[in-house]
Amino acid sequence: TSVDPVKLILRTTGLAVTAPPEDGRATEAAREALAGALRVAKTRLTLVRGVKSRDKLFQLDGPGAFSSR
């Protein structure tokens, strides 16, 4: 039998970065901050929506939801 993937929706209103919104620097800073908060590698976070928006939607990729670091 197959198992449907579980989706975790995390809504945050307090993530702010100081990187300028130029050349994707703010998006990368947000990815790093979110990865640190979730304790996962930043490479596991894929930007799904919000390339040019203040609101971003990242998808957590890979097996398992969180690392045990």
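A residue counts as buried when its relative accessible area is under 20%, and as exposed when that value is over 50%. I start there because Arg31, with a relative accessible area of 13%, falls on the buried side. Please keep in mind that this is a predicted model.

First, the layout. The protein has 1 helix and 2 strands, and from the N terminus the order is α-β-β. Of its 69 residues, 17% count as buried. The exposed surface comes to about 5900 Å², and carbon and sulfur atoms supply 54% of that. Of the contacts between residues at least 6 apart in sequence, 29% join residues at least 24 apart.

Now the helix. With 14 residues at 1.5 Å a residue, α1 should span 20 Å, and its end C-alpha atoms are 20 Å apart, so the two values agree. Just after α1 comes Arg39, which takes a positive phi of about 60°.

Which residues of α1 are buried? They are Ala26, Thr27, Ala30, Arg31, Leu34, Ala35 and Leu38. An α-helix has 3.6 residues a turn, so residues three or four places apart point the same way. The buried residues of α1 pack against β1 and β2.

The largest nonpolar core has 7 residues: Ala30, Leu34, Ala35, Leu38, Val40, Leu45 and Phe58. Helix α1, residues 25–38, gives the most to this core, with 4 residues. In soluble globular proteins, nonpolar side chains tend to be buried together. Leaving aside residues up to four places away in sequence, Ala30 touches Leu15, Val17 and Phe58.

Back to Arg31, which sits in helix α1. What does Arg31 touch, not counting residues up to four places away in sequence? The list is Lys42, Leu45, Thr46, Leu47 and Phe58. Of these, Leu45 and Phe58 belong to the largest nonpolar core. The side chain of Arg31 also makes a polar contact with the side chain of Glu28, at 2.9 Å.

Is Arg54 buried or exposed? Its relative accessibility is 84%, so Arg54 counts as exposed. Arg54 lies in the loop between β1, residues 45–49, and β2, residues 57–60.

To sum up the two arginines: Arg31 is buried, whereas Arg54 is exposed.

Key
Residues are numbered from 1 along each chain as its sequence is written. This is a predicted model: local features need pLDDT of at least 70, side-chain atom pairs count only at pLDDT 80 or more; totals for chains, interfaces and linings use all residues. Side-chain values use heavy atoms; hydrogens and water are left out. A nonpolar core is a set of buried Ala, Val, Leu, Ile, Met, Phe, Trp, Tyr and Cys residues joined through side-chain atoms within 4.5 Å. Buried means under 20% relative accessible area, exposed over 50%, partly exposed in between (1.4 Å probe, protein chains only). Contact means heavy atoms within 4.5 Å. Accessible areas come from the Shrake-Rupley method with a 1.4 Å probe; for residues, only the protein chains shown count as cover. A polar contact is a pair of N or O atoms within 3.5 Å; within protein, one must be able to donate a hydrogen and the other to accept it, and residues adjacent in sequence count only if both atoms are side-chain atoms. The expected span of a helix is 1.5 Å times one less than its number of residues.
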